[in-house]
Amino acid sequence: MIRYNQELLKCVSEIAKKSNIITEKQIKAQAKILVQNEAVSYIYIIKEGIAKCYITESNGKDYILEFMGSGEIVGELEILHNTKSLTNIEAISNLQVLRIHRDYFLEMLQQNWQLNLLILKELAQRLAQTSSRASYQQNYPLEYSILKIIYLFSNQPLQLSKKDLADYLGITVRSLNRTLLALQQKGILHTDSIELKKTQNEISQMLFQYENFS
């Protein structure tokens, strides 16, 4: 699922109109905004486009934590904790972002209680969604998890690759392909793709049966 935060984007955009310290920046697809274990000097708020947030393990395996759309903020945790970047943030599509230097961001938090509240709400929502995701990945079979993610992304402006789907689930592409083949053989997905063959209403009913009768 792609996360959005239009309320935060609106708030910071209004502040930007009165300040020349907040700047706009273009980021090309596949470029990294933040690099894991490197220093963070700016926070970024996505105006347009989609990025992915992921961790690279010591064995080189990537694990995607979330996909981020307009209004999502990155770098704030590192600046608040004064640490190096905890994750990689990579543009999937071309991005337009608002960039704020760490010192000015901290000053904004001290002076603007509305921004403070929105940041707290953002962090709380992330925690809730992470808990929900961990719950369904632990309590339901892999087939359900894959189908649920494909279903959730079916109305999003992003073509999910097999690698990103596998990295999001924390599994190998080989394991993913086995489950995709089973879903294709059942007529749920189109052959040799991860696109839904059944209607969204039919998929919704299947997910409901998984959740209530498994």
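A total of 13 salt bridges was counted in the predicted model. Side chains of opposite charge can pair when their charged atoms come close.

Arg3 takes part in two of the described contacts. Its side chain forms a salt bridge with that of Glu72, with an N to O distance of 3.3 Å. This pair connects distant parts of the chain, 69 residues apart: Arg3 belongs to strand β1 (residues 2–3), while Glu72 is in the loop between β6 (62–68) and β7 (73–74). Arg3 also forms a salt bridge with Glu122, at 2.9 Å from N to O. Because Arg3 lies in strand β1 and Glu122 in helix α4 (residues 113–139), the pair ties together parts that are 119 residues apart in sequence.

The residues of these two pairs are buried. Arg3 has a relative accessible area of 5%, and therefore counts as buried, the limit being under 20%. Glu72 is buried at 0%, and Glu122 is buried at 1%. A network of salt bridges links Arg3, Glu72 and Glu122 with Glu66, Glu76 and Arg126.

A further salt bridge joins the side chains of Lys17 and Glu14, with 3.1 Å between N and O. Both residues lie in helix α1 (residues 6–17), where they are three residues apart, about one turn of the helix. Lys17 has a relative accessibility of 65% and so counts as exposed, the cut-off being over 50%. Glu14, at 37% relative accessibility, is partly exposed.

How values were computed:
Residues numbered from 1 in each chain as written. Predicted model: local features only at pLDDT ≥ 70, side-chain atom pairs only at ≥ 80, totals over all residues. Heavy atoms only, no water. Salt bridge = Lys/Arg side-chain N within 4 Å of Asp/Glu carboxyl O. Helix = DSSP H or I, 4+ residues; strand = E, 2+ residues; numbered from the N terminus. Buried < 20%, exposed > 50% of the residue type's maximum accessible area, 1.4 Å probe, protein only.
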